[in-house]
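Please open the model in your viewer and keep the selection tool at hand. The stops below say what to select next and what is there.

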Amino acid sequence: MKKTYEIPNHFMIGTSSSAWQIEGCAGKKPGQESWAELFYQTNPHRWYDERGPQKASDFYHHYKDDIATMAKFGMNTFRFTIQWPRFMQGNEVDPDESAYYQDVINTIKAHGMKPIISLEHWEIPAKLFKEQDGWVSRKTIDAYLHYVDRALHAFHDDVDTWFAFTEPNIPIDNGYIKKIWYPFVHDPQRAYQAHFHKILATAKAVALAHQKYPNITMGAMVHMTPIYAASNDIRDVQAAYYTDLFEVRLYLDAYLKGEIPSEIFTELKKYNCLFAYGPNDLEIIHENPVDLLGIDYYFPIRVQARNTPYEGPFCSKVYYEDYVWPEREYNANRGWEIYPKAILDVGRRIQKDYGNKPWFVSENGIGIEGEDRYRNDKGYIDDDYRIDFIQRHLGYALQAKEEGCNVHGYLIWSFIDNLSAINAFKNRYGLLELDLNTYQRIPKKSLHWLQNVMQKGELSVE
């Protein structure tokens with residue numbers, strides 16, 4: 001039986017992007033390299049087809065047409081990122097790049113859309129990595145806050161919704177725990193020091209915004225991986241509890257409650273990887289929770305109790321082994337489970353455990369390899385799998401809204417096929433196909449479907 005949801009007025013529907021993944025290096029000056037360029041330059045062989053961030057999707061030269069296309073197809077919101085090392089050249093604002101971002105903002109607003117800015121989506125200047133180990137160093141917080149202040153000063157009159165970070169944990173976990181991204185080490189002490197510094201930097205960005213720019217809201221976007229236990233057995237439940245502690249609550253409690261869970265300190269101390277912190281740091285975090293939470297959701301984590309001891313440096317795998325749910329729906333191209341109901345579960349959790357703080361789905365999408373096989377006889381990609389994916393996930397976001405969860409929107413990743421670390425353009429996420437030879441943008445079936453949903457103002461879900 002079909003369920004039809006009305007899309008509420010002012011409910012954000014649109015797309016999300018990160019600057020390095022759509023702008024790449026286009027237009028940059030010497031000295032404006034980011035983490036992404038450093039990653040590629042030191043390890044090009046790790047990237048699919050050895051394609052790096054040179055042009056990415058070339059949004060830098062196509063932004064006017066891209067934004068016009070978003071509006072034409074009915075979207076009302078676009079979340080993008082300012083590239084920190086592009087906007088700042090050393091300690092000074094680059095006037096050319098400031099003018100570029102101002103025109104991006106103006107173009108979004110001219111088309112009747114809402115601009116949302118994230119201030120950091122892994123785009124730390126390469127110089128800070130080379131000189132002081134990136135977010136492991138406390139000095140990076142000061143450099144970041146200087147940049148935040150300059151960006152807010154430049155654009156606070158035109159943009160009222162800001163985010164200090166997008167998915168702050170991902171480059172840390174992949175770089176210092178899993179060893180699959182630059183700088184390719186497994187050093188849990190450095191990892192959790194970097195995590196703490198990003199949490200503290202978020203609180204300080206919130207404090208700065210509230211003090212100097214009271215007309216704006218300052219939030220943060222988390223990479224949400226809801227944890228599900230294999231059974232109600234106490235060992236599986238305990239495994240889920242501790243996995244959730246490190247994979248979810250480390251940031252969620254800090255951002256929404258202003259607290260780092262006490263068990264984090266206990267467990268990290270037990271494994272000799274507790275981060276250093278100053279006498280006032282926890283008070284600053286406590287006094288400055290975020291105004292708005294973004295949920296970047298792609299897949300859940302299912303866990304069972306460990307049957308064999310974990311060997312190696314500390315990480316959350318100490319507490320669990322992976323569990324494959326017998327009813328699992330699976331995107332084999334990306335290696336991720338598809339579980340739309342998690343969005344409703346997240347909404348209910350925020351409602352129950354976090355005072356129903358305001359949030360929205362800031363990223364959700366599906367990456368498919370070899371989409372050319374779905375091209376129809378007219379030359380367009382019939383991505384019915386993406387329509388199904390978006391339809392069900394958006395449906396649960398709207399159900400959460402109906403249940404009283406404080407959810408304000410749903411943004412798709414991504415409006416165009418974009419570059420990803422290591423995978424490059426192997427898996428395609430876009431509503432628009434990107435031709436890598438011509439940089440032509442070609443609407444997929446999903447984009448026309450979304451336009452129809454927006455025109456009707458309602459969504460029907462099986």
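Begin by selecting Arg302 and Trp325: Arg302 lies over the face of Trp325, at 4.1 Å from the ring centre, where a charge sits over a ring if NZ of Lys or CZ of Arg is within 6 Å of the ring centre and within 35 degrees of the ring normal. This is a predicted model, in which local features need pLDDT of at least 70 and side-chain atom pairs count only at pLDDT 80 or more, while totals for chains, interfaces and linings use all residues. Residues are numbered from 1 along each chain as its sequence is written, and side-chain values use heavy atoms, with hydrogens and water left out.

Select next Lys55 and Tyr439, where the charged end of Lys55 sits over the ring of Tyr439, 4.1 Å from its centre.

Now turn to the aromatic pairs, of which a search of the whole structure finds 50; rings of Phe, Tyr and Trp (its six-membered ring) pair if their centres lie within 6.5 Å, and planes under 30 degrees apart count as stacked, over 60 as edge-to-face and the rest as tilted. Trp84 and Tyr144 form an edge-to-face pair, 5.7 Å centre to centre with 65 degrees between the planes. Tyr144 has 0% relative accessibility and therefore counts as buried (under 20% relative accessible area, with a 1.4 Å probe and protein chains only). Tyr144 also pairs with Phe165, stacked at 4.8 Å centre to centre and 20 degrees between the planes, and both Tyr144 and Phe165 are buried.

Finally, select the cluster that ring pairs link together, including Trp20, Trp35, Phe39 and Tyr40.

Notes. Buried means under 20% relative accessible area, exposed over 50%, partly exposed in between (1.4 Å probe, protein chains only).
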